[in-house]
Structure formats: structure tokens, C-alpha cells
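Hi everyone, thanks for making time for this. I'd like to walk you through one structure, so please have a look at it first.

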Amino acid sequence: MVKNLKTRFIVFEGITCSGKTTQIKLFAQYLKRRRYKAVINDEPSGSFWGRIVKSLVACPGNTLTEEERQMLFILDRREDIKERISPALNKGIIVLQDRFSLSTYTYGMAGGAPLKELQRLHRKILTRIYRRPDITFYIDIDVRTALKRLKKSKKATDVYETPRF
């Protein structure tokens with residue numbers, strides 16, 4: 001669909017309730033008005049691994065280590081790259097991604113996982129299929145503001161939606 005646009009894999013990163021999803025939706029509308037085809041994708045996905053991640057991360061008191069938790073996120077990313085991201089990019093469709101590998105490093109390290117271990121897991125699981133984003137936007141917001149938004153939204157919270165993270 002988009003042959004001459006070099007920036008096709010666009011990632012938005014930031015903490016929960018930072019406004020990533022809002023910005024992605026606005027950008028998708030902008031692209032649509034200009035007749036570009038774009039898809040919105042997020043992590044964790046709705047795949048087998050994504051559903052496992054969502055259920056375990058939301059489960060208070062689970063005994064997973066941070067490395068194990070991030071390994072599940074990376075397994076979900078592997079499936080997402082193979083099943084959704086790469087096929088869309090190969091067809092010339094712009095992919096607007098809500099979270100990607102920076103979240104693994106950020107949340108994993110905040111949870112106590114060593115950076116080198118997270119990098120090793122990423123390389124091991126994603127070798128030969130990793131798609132590097134063309135650009136990543138980081139939505140920076142004060143944690144207190146994001147937590148107020150989260151409380152107001154009444155969204156279910158998980159282990160990462162605390163001031164510690």
C-alpha cells in the first residue's frame with residue numbers, strides 16, 4: 001500500500017495512561033485522511049502468549065520472577081511479529097505499535113531483571129525475525145498524573161501499575 005514511505009513501523013512507548021493509545025488513534029486517523037493504510041497493534045497481543053501474559057501479570061501474588069515474566073512478553077512479541085507485524089509491513093501497511101521492546105527493558109529492569117539477561121532473552125527468542133522500529137515515540141508523563149488517570153479510568157491494574165514502576 002505505501003511504497004515510498006520509509007517510516008512504516010512506528011512504535012509508541014510510555015507508562016500506562018500516558019496517552020499512547022490516544023496518540024496512536026489520532027495518528028491512525030491522520031494517516032487514513034491521507035489515504036495511507038495503517039493498523040494499530042499492541043502488546044500484550046490477543047494471541048495465545050498474550051492471553052497468558054495478561055492473566056499472569058494481572059494475577060496478584062504470582063510467583064514468576066521478572067525474567068520469567070519478561071520472557072512471556074517476548075514470546076508474545078515473537079508470535080505478534082510473525083503473525084501480524086511482519087505480514088502487514090510486507091504488504092506496505094503502516095504498523096502503529098502500542099509498546100514494543102523498550103517496554104521489556106524498562107519494566108524488566110524496574111522489576112529487578114538485569115539488562116544483560118533481558119537482552120539475552122530477546123536475542124534468543126527473536127533471532128532472525130525481529131523487526132526494528134523505524135521510529136519510536138516516548139510519551140513522557142508524571143507518574144502521579146498517570147496513576148490519577150488510571151484510577152479515574154477504572155481499568156484493571158496489574159503489577160506494573162504502581163508508583164514503584
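Let's start with Ser 45, which sits in the loop between strand E2 (38-42) and H2. Helices here are DSSP runs of H or I with at least four residues, strands are runs of E with at least two, and both are numbered from the N terminus. Before going on, a word on the model: it is predicted, so local features need pLDDT of at least 70 and side-chain atom pairs count only at pLDDT 80 or more, while totals for chains, interfaces and linings use all residues. Residues are numbered from 1 along each chain as its sequence is written, and side-chain values use heavy atoms, with hydrogens and water left out.

Is Ser 45 buried or exposed? Ser 45 counts as buried because its relative accessible area is 2%; buried means under 20%, exposed over 50%, and partly exposed in between, with a 1.4 Å probe and protein chains only. Its side chain makes a polar contact of 2.9 Å with that of Ser 47. By polar contact I mean a pair of N or O atoms within 3.5 Å; within protein, one must be able to donate a hydrogen and the other to accept it, and residues adjacent in sequence count only if both atoms are side-chain atoms. Leaving aside residues up to four places away in sequence, Ser 45 touches Gly 50, Arg 51, Lys 54, Asp 76, Asp 80 and Arg 84, where contact means heavy atoms within 4.5 Å. In this loop between E2 and H2 you also find Pro 44, and the peptide bond from Glu 43 to Pro 44 is cis, with omega near -5 degrees.

Now to the sheet. In what order do the four strands lie? The order is E2-E3-E1-E4, in an open sheet with parallel pairing; two strands pair if DSSP finds at least two bridges between them. E2 and E4 are the edge strands, each pairing on one side only. E2 and E3 are joined by five bridges, and Ile 40 has Leu 96 in E3 as its bridge partner.

Four bridges join E1 to E3 (residues 94-98), and four join E1 to E4 (residues 135-138). Phe 9 stands opposite Val 95 in E3, while Glu 13 stands opposite Tyr 138 in E4. In a regular strand, side chains alternate between the two faces of the sheet. On E1, Phe 9, Val 11 and Glu 13 lie on one side and Ile 10 and Phe 12 on the other, and all are buried.

Which residues have the most contacts inside the largest nonpolar core? They are Phe 9, Ile 81, Ile 85, Val 95, Phe 100 and Leu 126, in a core of 19 residues. Such a core is a set of buried Ala, Val, Leu, Ile, Met, Phe, Trp, Tyr and Cys residues joined through side-chain atoms within 4.5 Å. Strand E1 (9-13), helix H2 (48-58), helix H3 (66-90) and helix H5 (115-126) each give two or more residues to this core, and H3 gives the most, with eight. A second, separate core of eight residues includes Ile 10, Phe 12, Ala 28 and Ile 139.

Last, confidence. The average pLDDT is 87, on the predictor's per-residue confidence scale from 0 to 100. Confidence is lowest in helix H6 (residues 143-153), at a mean of 79, and highest in E3, at 97.
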